[in-house]
Amino acid sequence: MIAYQPPAGARDLLPLDVAQKHWIENRLEQVFQRWGYHRIITSTVERMDTLMAGGAIDQAAVIELQPVAGKRLGLRPELTASIARTAVTRLARVTYPQRLYYNANVFRQATETSHGGQQEFYQAGVELLGAGATVADAEIVLLLLDCLHHLHLDSWCLILGDAQLTQALLAPFAADQRQAVRQALANLDRVALEAMELPPELHRHALNLLDLRGHPEDVLQSLGQLPLDGDTQAAVERLKSLVALVREVTQAQPASRLAPGGDRAAPALTLDLSLIQPFDYYTGLVFEVVTGPAQGCQVLGQGGRYDNLLGVFQGQGQGFPGIGFVLNIEALHQALLPAGQLPQDTPPSDWLVVPTAPQAAAAAFTYAQTLRSSASLVRAEVHLATDESPAATRALARQRHISRIAWIGPDGLPDIEALN
């Protein structure tokens, strides 16, 4: 017998997997809606020029389909570019800011570093369009923290960076050296930096950049001692204002959010100016949330500001502010499993409706439909084994955690039995 398997890079979700996935998604969706965000659904298949977002997304990451009528099409590797395209073409006349959220699958070409060659991923995230001030950055960061709180995650760190600031700090390096320095910084590779053939002053600058990682207030103080131009200094001030605002809001949280010891549950923040996101359309704040060292520092989500992306899809190429984040459902699933908070079983049926004779089948289906028509969700299934003994039927119901049986006789009347 041939054991048929899903294609490489794909996997099946069994009922318990789906129940646990929905547990995560439902809590995130409730948080999104409480913050005033509305769901958007974009096409799974897009034109390749949309998916590559003006060159910000590497074509190698996109799973390309066979051309249709000469048009190059592919599967979306992320949602932000598709939502930016929708905002330009379908949301041009709405009021701003627009608060949008999504819950969808994305597809990426498997790489040597991808987990198990996985190519399909499930994500939930938000996009805030039309707001460019520090308070908009703060809303997105605080919304992310609220999501983590409602998922009851207790071991994580939020790493902040700034794409514009990092680019400015890398500007002194020659173009052919910049990427190597950036990669060494991202990998925290001091040995690689020391081995680079750089003038002494650039060597010192590169090593100083490596140390610009840690407690936000300390890193910002170190930045204040560097000779920065006006735009770069403005980026530092924006980061400083953002960190202060997030600290102030989280310290003012109600008592229900106190940590177990009674202290304020302040977020674990790290400022890291070597932070690099997988897609190259970010223009300001960037961030990612990772699990603690005990869980392997796994990335749970990431996001940032992209003030030029919508301009890619406008004829005039005008910039338009946007910021958002995405949470990786599979990573959240793995992080939540050890805590035992996720459902351990699929929801049982409330009723087992049993026709006691073949001629009672129609009445059994009718009675089950009456149960299902309740205002609240009632799960009722009709027992299909007509020749089974009552004892075997009761044993099956107990095994499946069904609490009530409705025995339907030939007269169509139910005999209700509650199981212990």
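Author: Phe 32, Tyr 101 and Phe 325 form one aromatic cluster. Rings of Phe, Tyr and Trp (its six-membered ring) pair if their centres lie within 6.5 Å; planes under 30 degrees apart count as stacked, over 60 as edge-to-face and the rest as tilted. Before we go on, please note that this is a predicted model: local features need pLDDT of at least 70 and side-chain atom pairs count only at pLDDT 80 or more, while totals for chains, interfaces and linings use all residues. Residues are numbered from 1 along each chain as its sequence is written, and side-chain values use heavy atoms, with hydrogens and water left out.

Searching the whole structure gives five aromatic pairs. For Tyr 281 and Tyr 282, the ring centres are 4.9 Å apart and the planes stand at 55°, so this pair is tilted. Both Tyr 281 and Tyr 282 are buried (buried means under 20% relative accessible area, exposed over 50%, partly exposed in between, with a 1.4 Å probe and protein chains only).

Rings can have charged neighbours too. The charged end of Lys 21 sits over the ring of Tyr 122, 4.4 Å from its centre, and Arg 108 lies over the face of Phe 121, 5.8 Å from the ring centre. Such a charge counts if NZ of Lys or CZ of Arg is within 6 Å of the ring centre and within 35 degrees of the ring normal.

Now for the strand. Helices (H or I, at least four residues) and strands (E, at least two) are DSSP runs, numbered from the N terminus. Strand E7 covers residues 156-162, and seven of its seven residues are buried, so E7 is largely enclosed by the rest of the structure. In a regular strand the side chains alternate between the two faces of the sheet. Here Trp 156, Leu 158, Leu 160 and Asp 162 point one way from E7, and Cys 157, Ile 159 and Gly 161 point the other way.

What does E7 pair with? Two strands pair if DSSP finds at least two bridges between them. E7 runs antiparallel to strand E10 (residues 285-291), joined by seven bridges, and Gly 161 stands opposite Val 286 in E10. With strand E9 (residues 269-272), E7 pairs in the parallel sense over three bridges; there, Leu 158 has Leu 269 as its bridge partner.

Last, the cysteines: the structure holds zero disulfides, a disulfide being a pair of cysteine sulfur atoms within 2.5 Å. For Cys 157 the nearest cysteine sulfur, that of Cys 297, is 8.6 Å away. Cys 157 is buried, at 18% relative accessible area.
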